[in-house]
Amino acid sequence: MLTPLTVVLTVAALALAAWCGWAAYRDQPTKDWHFIGMAVVTLLALVQLAVGIVRLARGADPAEGTAIFVAYMAAVVACVPVVGLISLTERTKWGSLTVVAGAVVLAVLQARLHDIWGGGNGG
Amino acid sequence: MAEPAPSTDTGPPRERRGGIGTGPGTLLLTLYGIFTVGAASRSIVQLSTRFDEAPLAYLLSALAALVYAFITVSLVRGGERARRAAFGCCCAELLGVLTVGTWTLLTPSAFPDATVWSDYGMGYLFIPVILPVTGMLWLRRSRRGHS
């Protein structure tokens, strides 16, 4: 797919994970700035979704199937907002750690997404 | 949900009995939720598109998804009965991971395709092994009225 975007999104997600991990380490809940960070990551995920859909509409064919590809992209968009909401209800360091988990999952999904799109062809 | 809802209350809605879905339980609940979605969608795709290739592996994935879903629901519901049920499921899950993990190592031919529990969950950063253990520790601890 769009490899630079995938890389940027992965790095952003890992940075968010590290940031919220730092908050959890200092025994703090997620703050406004963290939510801005989550918004940025979610925005990037939405851009990726849009790019992916445009590519599909132009006739691209993901190596492991269109349905799986779309499902993964949807999961990528959903995962940070969901953990963000959970961290709103859990105002302790455990809420921060939950965001860490969600962000790491996003990074892992990016790696899978790359495989699903390109397979071994490096597309 | 039948609470009269005090308008000034901005904190968590209410303290659940046992509180197994709060504090560290929140993280556990999230991880179980993620694994439920992951295992369920994976097994649905596999069972519906290529069941014949590796029926055993795909059925085991579906079973894993059911166990994860049950634990997730139990953690959300809270209360003593849910806690016991979740504890039992964590035991079943650990047993499942260890059994399937050993099985895949001994007779790889039985598993042409991977399950969530293959090789002790190596493809999932060993989280499938770690999760039930932490789950059991947490559920034991929260019985003593920790909050």
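**Chain A, then a helix in chain B**

Guide: Read along the sequence, chain A runs α-α-α-α. Keep in mind that this is a predicted model.

Visitor: How many helices and strands does chain A have?
Guide: Chain A has 4 helices and 0 strands. Its radius of gyration is 15 Å, close to the 14 Å that the globule rule gives for 123 residues, so chain A is as compact as a globular protein of that length.

Visitor: What does the C-alpha trace of chain A span along its principal axes?
Guide: About 50 × 20 × 20 Å.

Visitor: And how much of chain A is buried?
Guide: Buried residues are 40% of the 123 in chain A. As for contacts in chain A between residues at least 6 apart in sequence, 76% of them join residues at least 24 apart.

Visitor: Switching to chain B. Which residues of H4(B) are buried?
Guide: B:Pro128, B:Leu131, B:Pro132, B:Gly135, B:Trp138, B:Leu139 and B:Ser142. They cover an arc of only 135° around the axis, which puts them on the same side of H4(B).

Visitor: What covers them?
Guide: The cover includes helices H1 (24–50), H2 (55–77) and H3 (80–106) of chain B.

Visitor: What about the contact between the chains, how many residues does each one put in?
Guide: Chain B gives 11 residues and chain A gives 14 residues. On the side of chain B that touches chain A, there are 6 nonpolar, 5 polar and no charged residues.

Definitions and conventions:
Residues are numbered from 1 along each chain as its sequence is written. Chains are lettered from A and ligands numbered from 1 in the order in which they are written. This is a predicted model: local features need pLDDT of at least 70, side-chain atom pairs count only at pLDDT 80 or more; totals for chains, interfaces and linings use all residues. A residue is buried if 20 or more other C-beta atoms lie within 10 Å of its own, exposed if 12 or fewer, and partly exposed in between; C-beta atoms are placed from the backbone. Helices (H or I, at least four residues) and strands (E, at least two) are DSSP runs, numbered from the N terminus. The arc is that of the directions from the helix axis to the C-beta atoms. Two residues are in contact if their C-beta atoms, placed from the backbone, lie within 7 Å. Ala, Val, Leu, Ile, Met, Phe, Trp, Tyr, Cys and Pro count as nonpolar, Asp, Glu, Lys and Arg as charged, and the others, Gly among them, as polar. The radius of gyration is taken over C-alpha atoms; the globule rule is 2.2 Å times the number of residues to the power 0.38.
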